[in-house]
Amino acid sequence: MKAAIMQPYFLPYIGYFQLIRAVDVFVVYDNIQYTKKGWINRNRFLLGGSDATFSIPIRKDSDFLDIQQRELAADFDRAKLLNRLREAYRRAPQFASAFPLLEEIVLDGAGNLFDYVHKSITGVCSYLGIDTPIVKSSTVAIDHSLQAQDKVLAICRALGADQYVNPIGGQALYSREAFGVQGVALSYLRSREVQYAQFGQPFVPWLSIIDVLMFNSPPAIAGQLEHGFELI
């Protein structure tokens, strides 16, 4: 059984969903410390032919709290964010079919950071027909004081996984030998850059899945999810 474990990201790039689809169970961390300046609550979208960043504001609190303990800012204006994304993509070819999903995700009333971000992931999976089980890390019966590679291996053992798949960017984090000793094969997913028309401008890669949804039909995205990567 193949497993993957990742932090939650709000409307992440297509490689995140390729990873979910490529495994038999996907674990999303809810009980690890929130990191500033990461991508948990921000992302990039296309604006006027260039990349722009949007952020989900969170309430000021201790820097030592876990993701599941952080709350969205009381003044987070969901409608303002939605309108910003609407104006950026309203002329995109798949806007009519993709915008209702985006509207549902952005206007969701969850006040908890993890819940809000988690719903963005599961919402896109549902839209794209990805049925891989998504498990919260806190529900897996392990010693949650473990860190890094030790925690990943403990989760794999608890789930009965014999293969762990990680994005290619994490190669320096893990040891194939350490995984092999535990009977777990270690693989890396490398996404291929997929180009598509973006309003006739030079292509801007690796944006939020929003961009992929707005410019590609569901069948085209299905092909990218199935064939747009390699495992090494």
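Colleague: Which strands does helix 1 lie across?
Modeller: Helix 1 (residues 14-22) lies across strand 1 (2-6), strand 2, strand 5, strand 6 (163-167), strand 7 (185-191) and strand 8. Helices (H or I, at least four residues) and strands (E, at least two) are DSSP runs numbered from the N terminus. This is a predicted model, where local features need pLDDT of at least 70 and side-chain atom pairs 80 or more, while totals for chains, interfaces and linings use all residues. Residues are numbered from 1 along each chain, and side-chain values use heavy atoms, without hydrogens and water.

Colleague: What's the angle to strand 7?
Modeller: Helix 1 runs at about 140 degrees to strand 7, on a scale from 0 to 180 degrees between N-to-C directions of axes fitted to C-alpha atoms.

Colleague: And the order of the strands in the sheet?
Modeller: The order is 5-2-1-6-7-8, in an open sheet of six strands with mixed pairing. Pairing takes at least two DSSP bridges. Strand 5 (134-136) and strand 8 (229-231) are the edges, and the twist averages 30 degrees from one strand to the next.

Colleague: How does strand 5 pair with strand 2, parallel or antiparallel?
Modeller: Parallel, over three bridges, with strand 2 spanning residues 25-28. Phe26 has Ile134 of strand 5 as its bridge partner.

Colleague: New topic. What lines the second largest cavity?
Modeller: Leu11, Ala98, Leu101, Leu102, Ile210, Leu213 and Met214. A cavity is a set of points on a 1 Å grid over the protein atoms alone where a 1.4 Å probe fits but cannot get out, and lining residues have an atom within 4 Å of a point.

Notes:
Contact = heavy atoms within 4.5 Å. 1 Å grid on protein atoms, 1.4 Å probe; cavity = no way out; pocket = protein on both sides within 12 Å on 5 of 7 lines; lining within 4 Å.
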